[in-house]
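Hello,

Here is the structure for your files. Please open it alongside this note. My findings follow below.

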Amino acid sequence: MRETCWRCLRPAPFCVCADLRPIPSATRVVLLQHPREARLAICSAWLTKLALENSELHRGVVFESHPRVREIVATPGAVLLFPGEGSVPADEVRPPPPVLVVIDGTWLQADRMLRDNPSLAALPRIGLVHDRESGYAGLRREPAPGHLSTIEAVALALGALEGDPGRFAPMGEAFRRAVRLQLECTRTRRNPRHRPRTQG
């Protein structure tokens with residue numbers, strides 16, 4: 001059985017914990033993860049939680065009766081990281097909000113979670129203005145240009161909200177390294193030259 005890192009819960013050869021030293025932030029990041037996202041090889045939301053001192057993660061689909069999430073949503077000044085109509089660019093929000101709620105899932109899952117959670121849907125929304133490509137780099141297909149993984153989006157949002165992008169840059173770097181390790185493993189498995197020879 002392969003050795004697993006107790007912290008990031010990934011096989012030891014794919015561990016990027018050395019790049020995920022907890023970063024302080026004034027804004028508390030609350031990740032609401034669709035259960036299916038937790039099964040993926042690279043769990044971006046879990047890496048986000050590890051990367052931030054001031055964060056928490058809850059898994060589920062409907063949170064309207066979840067005591068902690070209800071408390072979070074009721075926090076004065078809480079905002080939702082979600083692009084689209086009505087969202088305000090993160091670099092225009094001052095002072096930084098006390099709570100940043102982030103939905104982790106595919107865009108279809110995220111839309112359904114907002115539909116099923118009116119209190120989340122009612123939160124003021126902030127978005128990102130950027131020209132970056134997703135760090136998934138072919139490991140996972142994004143629905144449109146400009147879409148990012150959860151950890152990349154949170155890093156950019158906090159950098160803009162707190163006026164210190166460099167402090168949160170290691171989050172994106174750790175994610176891209178995790179993707180590279182996963183892609184290298186995939187290529188090795190597909191390339192017969194790297195497979196052990198058998199006698200016969």
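**Side-chain contacts**

Arg177 is partly exposed, with 31% relative accessible area. Bear in mind that this is a predicted model.

What does Arg177 pair with? Its side chain meets that of Asp19 in a salt bridge, at 3.2 Å from N to O. Asp19 is also partly exposed, at 31% relative accessibility. Now look at where the two partners sit. Asp19 is in the segment before strand 1 (28–33), while Arg177 belongs to helix 6 (residues 165–190), so the pair ties together parts that are 158 residues apart in sequence.

**Other salt bridges**

How many salt bridges does the structure hold? There are eight. Another one involves helix 6. Here the side chains of Glu152 and Arg176 meet, at 3.9 Å from N to O. Glu152 lies in helix 5 (residues 150–161) and Arg176 in helix 6, so this bridge ties together parts that are 24 residues apart in sequence. Is Glu152 buried or exposed? Glu152 counts as buried, because its relative accessibility is 7% and the cut-off for buried is under 20%. Arg176 is partly exposed, at 32%.

Some of the bridges share partners. They join Arg28, Glu56, Arg68 and Glu71 into one network.

Next, Arg115 and Asp116. These two form a salt bridge, with their closest N and O atoms 3.3 Å apart. Arg115 counts as exposed, with a relative accessibility of 59%. Asp116 is partly exposed, at 29%.

**The aromatic pair**

How many aromatic pairs does a search of the whole structure find? It finds one. The partners are Phe82 and Trp107, with ring centres 5.7 Å apart. Why is the pair edge-to-face? The ring planes stand at 70°, and planes over 60 degrees apart count as edge-to-face.

This pair also links separate stretches of the chain. Phe82 is in the loop between strand 3 (79–81) and strand 4 (88–89), and Trp107 is in helix 3 (residues 107–116), so the contact ties together parts that are 25 residues apart in sequence. Phe82 is buried, with a relative accessible area of 7%. Trp107 is partly exposed, at 28%.

**Where to look**

Start with Asp19 and Arg177, whose side chains meet in a salt bridge. Then go to Glu152 and Arg176 for the bridge between helix 5 and helix 6. Finish at Phe82 and Trp107, the edge-to-face pair.

Best wishes

Methods
Residues are numbered from 1 along each chain as its sequence is written. This is a predicted model: local features need pLDDT of at least 70, side-chain atom pairs count only at pLDDT 80 or more; totals for chains, interfaces and linings use all residues. Side-chain values use heavy atoms; hydrogens and water are left out. Rings of Phe, Tyr and Trp (its six-membered ring) pair if their centres lie within 6.5 Å; planes under 30 degrees apart count as stacked, over 60 as edge-to-face and the rest as tilted. Helices (H or I, at least four residues) and strands (E, at least two) are DSSP runs, numbered from the N terminus. Buried means under 20% relative accessible area, exposed over 50%, partly exposed in between (1.4 Å probe, protein chains only). A salt bridge is a side-chain nitrogen of Lys or Arg within 4 Å of a carboxyl oxygen of Asp or Glu.
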